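Here is a briefing on a predicted model.

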Amino acid sequence: MAVKMVNLTIDNHPVSVPAGTLVVDAAKKVGIEIPVFCYHPKMDPVGMCRLCLVEIGRPMVDRATNQPVLEADGSPKISFGPKLETACTTPVSEGMVVLTENDKVSEARKDILEFILTSHPLDCPVCDKGGECPLQNLTMRFGPGESRFLFDEKMRLAKQVPLGELILLDRERCIQCARCVRFQKEIVDDPVIGFSQRGRALEIVTFSDPGFDSIFSGNTTDICPVGALTTSDFRFGARPWEMNAAASLCTHCPVGCNLTINVRREARAGGRDVIKRIMPRQNESVNEIWICDKGRFAYHFTESEQRLTEPMMRKGSELVAVSWDEALQAAASRLKKAGEKTITLAGGRLSNEDLFNLCQLTSGLGGQYWMHGTMGGGDLLAQVGVGQGTNLGEFGPGSAILVVASDLHEEAPVWWLRVKQAAERGATLIVASARPTRLDRFAKCVIRYAYGEEVETVTSLVPEYKTDVSEAICAGIQGILGAENLVVFFGSDGLGLEGTTALAAACMELLVKTNHFGRANNGLIAVWPNANTQGAFELGYRPAADLASRLAEAQVAYIAAADPAGDDPALAEALRKTGFIIVQELFMTPTARMADLVLPAQAFTEREGTFVSGERRVQRYYPAVRPISGPRPDFQIAAQIAAQLGFSLEERLASLVFQRLSEAMPDFAGLTYQQLAMVEEQWPLIGRHDLYFGGTGYDNHQGLGVQLKPAAQRLEPLNLPDVPELPPLQAPEGAFLVVPITCLYDRGQTLLPTSLLHERMEKPAIYVHPKLATRVGLEDKQSFQLVLNGISTLVQVIFDENAPEGAALLPRSVGVPIQGPALAQKEIVSG
Amino acid sequence: MSGYVLLRHRDIPDLHKLDVYLANGGFAAFKKAVTAMKPEEVLKEVMDSGLRGRGGAGFPTGVKWSFLPNKIWPHYVVANADESEPGTFKDRELLESNPFQFLEGLMLSCYAVQANVGYVYLRGEFWRIAGQIDGCIADLEAAGLLGEKLYGSDYSLRLYTHLGAGAYICGEETALLESIEGNLGQPRLRPPFPATAGLYGKPTVINNVETLANVPPIIERGAAWYRTFGTEKSPGVKIFSLSGNINKPGNYELPLGTTFRELIYTHGGGIPGGRGVKAIMAAGASSTLILANDQSLDTPMDYESTQQLGAPLGSASVIVIDDSVNIAWLVRKTVNFFKHESCGKCTPCREGTFWMDNIARRLISGQGSLKDIDLLYNVASQMQGKCLCALGEFSTMAVASGIEKFRKDFEALVKT
Ligand SMILES: Cc1cc2nc3c(=O)[nH]c(=O)nc-3n(C[C@H](O)[C@H](O)[C@H](O)COP(=O)(O)O)c2cc1C
Ligand code: SF4
Ligand code: SF4
Ligand code: SF4
Ligand code: FES
């Protein structure tokens, strides 16, 4: 559909923009700056601050003849209204004449700025925003030089109002632009803050308990045009100009949000670089200009005092520090002896380069390598993952999205946000889930199944299998049939390895049977537990169903970025039988404590590398801080061990490892670090030159990444797996079903060191529907010994009307091991 | 009988009771409309009558109704009973004493635009009146005058009241809609206008209580009869709320076009102590001050003529100021009111009213300087033309006209 273009002139520049464009955006697109405070290009205009006033003229039309009135020289006669108009609320129209620089407009800007400054504290020298403050910058550029307002008559208002434990409000600095309020309502559907009172007393308040209860709250501090909203993490932490900025990626979920890490070298830290804050970096195909609060705040693990700094070897019963040489030699000699009895186990937070070197080393020995995790199906994404060019931001009418077995809001917040907005733009959203999720209210159709029926549910959506199905399934089929594009998200809500693997196969079948694969905006997306689970699949790693027996039989287990012993008591048991355990880690995990050799690895902030997101976008991250001394990058450790064994792996630079990787892996063929670093202009314009427009989020100079083409898009033949049937889940008398769910703020290794988030973290607790509780004999808030897979843990009961009646929900990574659906008992404590 | 059109309760005791109202011809117009007139005919009659909005802007009522698009449904009608303008107390008298005539007008308006739901939005302080209106609505439902399939037709109608929380800005029609929807009472951006996207995003008519009270007699007796009152462009009768330095303050129902002099001296009994009139505010606190002289006192009070004095008639709440009053004091009063009532949504009004109030306070407490007079005038001009809604503009009227016309009063307060 061709978009109608409208022609106008702005300050004598001819401009042609799509109908519906606002004057302020049209100007910005041709490099004319109309200052704004309340307007934000990602939100609907409100016309509140009145800073964007410009003079607008429109061609005169003769009422009688309906013909344009012409000047003597034949040009259309333009009539200007008596009042200036707000450029942020006025759409362009044909023949419009916009003046942004004449005296009348300059006066108006100066007037509005003077008004705003009458009640502004001007505490720039101690304000977090000072140096990157739109009010400061625009005042310098357009404002009056001095104030006629008496300083003594200024309002004095509270300067430290905690809206919650994460965000603080400085009431004096607030200019009442409502950007924060609108963001919370329009963009993230958490209308938990708003205005109270009126006039000059207008103030931002929170309505929620806990305060400012939103997992996106940090974004408001980026778009607040003054220093009114600050994070308790960064508040008074540094001045913007003192910090360096490094491009990075979020490591907490498979979305792959682009980040900028701001660091400062501090005497207090012994001259080390200290991370001061995490900011979003614009990538309109990934995270736009937003990140979730986990991504923003949960970086403290990289700087934790608990980090491992020296290699350690078991001598007697103790782990003692040894030199790298000794450690590498010991590793090499053990591995050499083990040969094919080597098993490498890697976690999904390693980079592609690390994973590549590890698998090269292991293959060289004839050993086997596996992924640590309980979610399968990633191999199918290599065939029918979303096509190159996929962008959820383009989804609208004619596109459909199916989300199955995933609570995106908790598991991959920015995907939730993008899917929600796609649905609001008119995309057909189908949500299939065993329990209500925060996507339901945006869905055209919600399919509710019982845990265990995931595969059947997806299969019943295949139109050609249509049998006697429910109304919701029919609506789902209609939605899919009516769509040109279809993307399917599948997750692991209530599922273990077996279930997710089967579910992935069912999703692939649905996509193939409805011909939604092999092209942009179509295909499969997995909601992985880690940032680079997809990368591990690409490099051939798979989760093993029989991992315990494999570990038990191995002579050497080489475990990197994984904590099998901490996650699963059965694996801990198996590791007791393993001949020799090498652990490459950031922290002294339960697995590391069992190890014979512990090798300290660098954090992602200290080095570079690449991840593959769930949308199969390969993206680079860059070193942000100088590494602490001791730890080495994982890829390098693997290469140095390999060198001892006489194979040559690249150990110098991640980029060189990547070069080898792209030569070896067909899906990555031809890809280079340079390509991953390429950028193109994005809309809206944000960043350092456009602070007032988009906020303090960073623009992207370091790479938008490259989406891999799935096999189907390369026109390779498909290899459709069988869709396995899963046994029904049923609890015998005396037992009840417990299923794993994923929560945003769990108690995982990378989260716990961020004390700021402790109040919001999940406790060791299960969510139980009151009816199920009555059946089993549990009471709300009661603590009891939960026996799962023979292991008994003290947990609390939380009543939850949203939990299904058939199964209790247990969050992953809160200290109670659970791998998949399991039968549980209540331990009877006698006496 | 003196023939009131609106304040009929002054002639008929207990007119606020449904049986009394019915016995005096009540709901004849509504019955006639629903049983014998097409909605367009009702609309045309009101259009022909030339009735103009009594809430302040004087916009032709029939024309307003005709803007509602017939492609978008449902339609709503909202009666604006927020009456918060200082000096305005006419709607209150109607609501208390002649509520059924107002409600019948609301119902006729609903019928004309085929709305099946109408709302009465009352200012928070009118909680007692709201209870009374609720009672009226219940009586009407019991009598079968509200409900399903009225008079056996296909037309159904329900009315509801909604109480505000005491903010002047909620009289502004879009802030009023926000308030009904449960949001903070702040004006909306326009366009879109309520006629196309109003309550809950649907086409909506908003009319003042008095405006609506005019509708039953117009339908009953016809546009031509109505036009026998008032002037060519401002037909009909108007309730003038008279207050200030006056012997007989109160509501006066008079034809539009009555002069200030007649209102003040003939009906209002003149000024206490026989003092002279110094200034007149014709539209409550939102007025441009009128300098009282023979010419202005003899100006007819209709929408066009007062405008010639540079002072809109607004809601016709006439506040008389005698020669004992220092205008700077008056200006401070009004500015303080607007500072208190600014919703805070837009910068110039939020900050400007606050600033003006500071300067005006300084001036009247004798702490100001000559420069402050200019500054006050300047701030007012700086606000003009930049505010999001009319409240901000209103707040500058008394200031600007006060300093223009009565500068000496300000200078008298300045330390020298
Ligand atoms: C600040 C402000 C306050 C207002 N207050 C009232 C009010 O209290 N009552 C009223 O009827 N109209 C009030 N209005 C006018 C309404 O916005 C609207 O024009 C009117 O209700 C339309 O009805 P009408 O056409 O019958 O006059 C106010 C307008 C503004 C800008
Ligand atoms: S918000 Fe900006 S202008 Fe205000 S005190 Fe902070 S730096 Fe200064
Ligand atoms: S806190 Fe910031 S974003 Fe929110 S209204 Fe105030 S100035 Fe605007
Ligand atoms: S002019 Fe005043 S009342 Fe109107 S929107 Fe602006 S701040 Fe609110
Ligand atoms: S009014 Fe346009 S930017 Fe605020």
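How many bridges join strand β28 of chain A to β29(A)? There are 2 bridges, and the two strands run antiparallel. The model is predicted, so confidence limits apply: local features need pLDDT of at least 70.

**Sheet in chain A**

- β28(A) covers residues 617–621.
- The sheet is open and has 3 strands, in the order β27-β28-β29, with antiparallel pairing.
- β27 (609–612) and β29 (706–707) of chain A are the edge strands; each has a single partner strand, so one side of each has no neighbour in the sheet.
- R617(A) has Q707(A) as its bridge partner in β29(A).

**Sheet in chain B**

- An open sheet of 4 strands runs in the order β3-β2-β1-β4 in chain B, and its pairing is parallel.
- The edges are β3 (158–163) and β4 (204–208) of chain B; each has a single partner strand, so one side of each is left without a neighbour in the sheet.
- From one strand to the next, the twist averages 20 degrees.
- β2 of chain B (residues 117–122) pairs with β3(B) over 6 bridges, in the parallel sense.
- Within that pair of strands, Y121(B) has H162(B) as its bridge partner in β3(B).
- Helix α6 of chain B (residues 99–113) lies across β1 (76–81), β2, β3 and β4 of chain B. Relative to β1(B), α6(B) runs at about 155 degrees.

**Domains**

- The assignment for chain A gives domain 1 (5–101), domain 2 (112–231), domain 3 (312–373 + 536–677), domain 4 (378–530) and domain 5 (736–826).
- In chain A, the C-alpha centres of domain 2 and domain 4 lie 40 Å apart.
- Chain B is divided into domain 1 (8–226), domain 2 (237–322) and domain 3 (327–411).
- The C-alpha centres of domain 2 and domain 3 of chain B are separated by 23 Å.
- Between these two domains of chain B, 8 residues of domain 2 are in contact with 10 residues of domain 3. The domain 2 side has 5 nonpolar, 3 polar and no charged residues.

**Interface between chains**

- 24 residues of chain B are in contact with 26 residues of chain A.
- On the chain B side, α15 (327–341), α16 and α17 (370–383) each give two or more residues.
- α16(B) gives the most, with 9 residues.
- By class, this side of chain B has 10 nonpolar, 9 polar and 5 charged residues.

**Ligand shells**

- Ligand 4 is surrounded by 15 residues; the closest are C343(B), C346(B), C349(B), C389(B) and G392(B).
- Two helices of chain B, α16 (347–364) and α18 (390–411), each supply at least two residues of that shell.
- The shell around ligand 4 has 9 nonpolar, 4 polar and 2 charged residues.
- Ligand 4 lies between domain 1 (8–226) and domain 3 (327–411) of chain B, because both give residues to its shell.
- Ligand 2 is surrounded by 14 residues; the closest are C124(A), C127(A), G130(A), C133(A) and V226(A).
- The shell around ligand 2 has 7 nonpolar, 4 polar and 3 charged residues.

**A buried strand residue**

- L345(A) sits in strand β17 of chain A (residues 342–346).
- L345(A) has 31 other C-beta atoms within 10 Å, so it is buried.
- Beyond four places in sequence, the contacts of L345(A) are W370(A), H372(A), A557(A), I559(A), A562(A) and P564(A).
- L345(A) and V414(A) are 69 residues apart in sequence and 29 Å apart in space, C-alpha to C-alpha.

**Backbone details**

- The peptide bond from D209(A) to P210(A) is cis, with omega near 0 degrees. P210(A) lies in the loop between β10 (203–206) and α5 (219–223) of chain A.
- W73(B) and P74(B) are joined by a cis peptide bond, with omega about 0 degrees. P74(B) is in the loop between α4 (61–66) and β1 of chain B.
- Q114(B) is not a glycine, yet its phi is positive, about 55 degrees. Q114(B) lies in the loop between α6 and β2 of chain B. Its 16 C-beta neighbours inside 10 Å make Q114(B) partly exposed.
- A316(B) also has a positive phi, near 60 degrees, and is not a glycine. A316(B) is in the loop between α14 (303–308) and β9 (317–322) of chain B. With 29 C-beta neighbours inside 10 Å, A316(B) is buried.

Key: Residues are numbered from 1 along each chain as its sequence is written. Chains are lettered from A and ligands numbered from 1 in the order in which they are written. This is a predicted model: local features need pLDDT of at least 70, side-chain atom pairs count only at pLDDT 80 or more; totals for chains, interfaces and linings use all residues. A residue is near a molecule or strand if its C-beta atom, placed from the backbone, lies within 6 Å of it. Ala, Val, Leu, Ile, Met, Phe, Trp, Tyr, Cys and Pro count as nonpolar, Asp, Glu, Lys and Arg as charged, and the others, Gly among them, as polar. Domain bounds come from an automatic or database domain assignment. Two strands pair if DSSP finds at least two bridges between them. Axes are lines fitted to C-alpha atoms, for helices over the stretch in contact, and angles run from 0 to 180 degrees between N-to-C directions. Two residues are in contact if their C-beta atoms, placed from the backbone, lie within 7 Å. A residue is buried if 20 or more other C-beta atoms lie within 10 Å of its own, exposed if 12 or fewer, and partly exposed in between; C-beta atoms are placed from the backbone.
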